[in-house]
Amino acid sequence: MAESVALAVSGARGRMGRIVTELAAEDPAFRVVGGIDRDAEGDVSAALPLLVTPSEAGDLLKAADVLIDFSAPEFLESILTRHAEMEAGCALVVGTTGLGPPEERLIEAASEKVGVLTAANFSVGVNLLIALTQRSAAALGAGYDIEIVEVHHRRKEDAPSGTALALGRAAAAGRKLDLEAVRKDGRSGRPGARPADEIGFHALRGGDVAGDHCVHFIGELERIELTHRASDRALFGAGALRAAAWIAGRVPGRYSMRDVLGL
Ligand code: NAD
């Protein structure tokens, strides 16, 4: 059997961090070497052998083949800064959403030295939906207005979701548009008539919804709705582990779930 992948988890005390830790602990393809979070104390998965803060993470980053991050943008920034300082050879799988230019710059710099895979959503179904959205937008053309509706649990901090934005980018690419030029986040007051090229985003928040996304293509005579509903967050953990197994030992570069899934 091939040697197992040494895995570190950042945001290890969070909901996704725990799921990843527990799924990896049950999978012989992985060896969990430790976790990183803002406090090195408190409740963690029993499967986590070690918990450290970013400033103590040097040895862990050296021991790991892959780091999976599900934390928060400012936390990811501190991990990436430490990763660069350590010249660590550890590949990165990033699930944190709501990233801004500082994190994007650090991710690009890291991808010159190690494999880095970012995904707003690790679900196979969502990545298929992204591909279908691009094809549908191209086939349907400008006569079909595009509106994206997403629903998430009440604790989610960013909106629209990273997945909704990925769907928006795919729709814009299908229509040969620049998303930032046509993006419309919600409507209120008197926004006026809808421009033909607009791509609308609407975020619903409540309860414990793991994540629903629907891309509406609204024509004069018909409507098409492409929908994905996540039933359980374990879906994202399983996808992140699939990405981690795929990226271990790859040449440096920037990768996506499209590469993992061959889409
Ligand atoms: P969570 O709040 O349960 O966990 C976040 C962890 O990061 C916590 O342990 C927290 O202590 C740590 N953290 C460190 N610094 C923080 C800070 N400044 N603010 C907030 N938390 C901080 O969150 P979660 O549900 O596990 O999600 C984590 C991230 O993963 C979010 O960005 C979420 O949108 C994203 N996510 C991505 C996918 C995907 O498929 N790509 C799926 C689910 C969640």
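Modeller: Start with the backbone of alanine 120. One of its N or O atoms lies 3.0 Å from a nitrogen atom of the ligand. That makes a polar contact (a pair of N or O atoms within 3.5 Å; inside the protein, one must be able to donate a hydrogen and the other to accept it, and sequence neighbours count only if both atoms are side-chain atoms). The protein buries 80% of the 850 Å² that the ligand exposes when taken alone. Those areas come from the Shrake-Rupley method with a 1.4 Å probe, and for residues only the protein chains shown count as cover.

This is a predicted model: local features need pLDDT of at least 70 and side-chain atom pairs 80 or more, while totals for chains, interfaces and linings use all residues. Residues are numbered from 1 along each chain as its sequence is written, and side-chain values use heavy atoms, with hydrogens and water left out.

The side chain of arginine 15 has an N or O atom 2.9 Å from a ligand oxygen. For the side chain of arginine 38, the distance to a ligand oxygen is 3.3 Å.

Now the shell. It holds 21 residues, and Gly14, Arg15, Met16, Asp37 and Thr97 come nearest. A residue is counted if one of its heavy atoms lies within 4 Å. The shell divides into 8 nonpolar, 7 polar and 6 charged residues. Here Asp, Glu, Lys and Arg are charged; Ala, Val, Leu, Ile, Met, Phe, Trp, Tyr, Cys and Pro are nonpolar; the others, Gly among them, are polar. Helix 1 (15-25) and helix 3 (73-86) each supply at least two shell residues. Helices (H or I, at least four residues) and strands (E, at least two) are DSSP runs numbered from the N terminus.

Stay on helix 3. Serine 78 is found there. Its side chain reaches the backbone oxygen of phenylalanine 75 at 2.6 Å. Serine 78 counts as partly exposed because its relative accessibility is 29%, between the buried range (under 20%) and the exposed range (over 50%), with a 1.4 Å probe and protein chains only. Threonine 53 is 25 residues from serine 78 in sequence; their C-alpha atoms are 9.9 Å apart.

Next comes the loop between helix 3 and strand 5 (91-94), which holds glutamate 87. Its phi is near 50 degrees, a positive value in a residue that is not glycine. Most residues other than glycine have a negative phi, and most peptide bonds are trans. Glutamate 87 is exposed, at 58% relative accessible area.

Further along, strand 7 contains glutamate 150. This glutamate 150 has 0% relative accessibility, so it counts as buried. Its side chain reaches the backbone nitrogen of serine 161 at 2.7 Å. Proline 160 sits in the loop between strand 7 (145-152) and helix 6 (162-174). The peptide bond joining alanine 159 to proline 160 is cis, with omega about -10 degrees.

Lysine 176 is not a glycine, yet its phi is positive, about 55 degrees. Lysine 176 is exposed too, with a relative accessible area of 76%.

Last, arginine 223 is found in strand 11 (residues 223-229). Arginine 223 is exposed at 59%. Its C-alpha atom is 53 Å from that of glutamate 56, 167 residues away along the chain.
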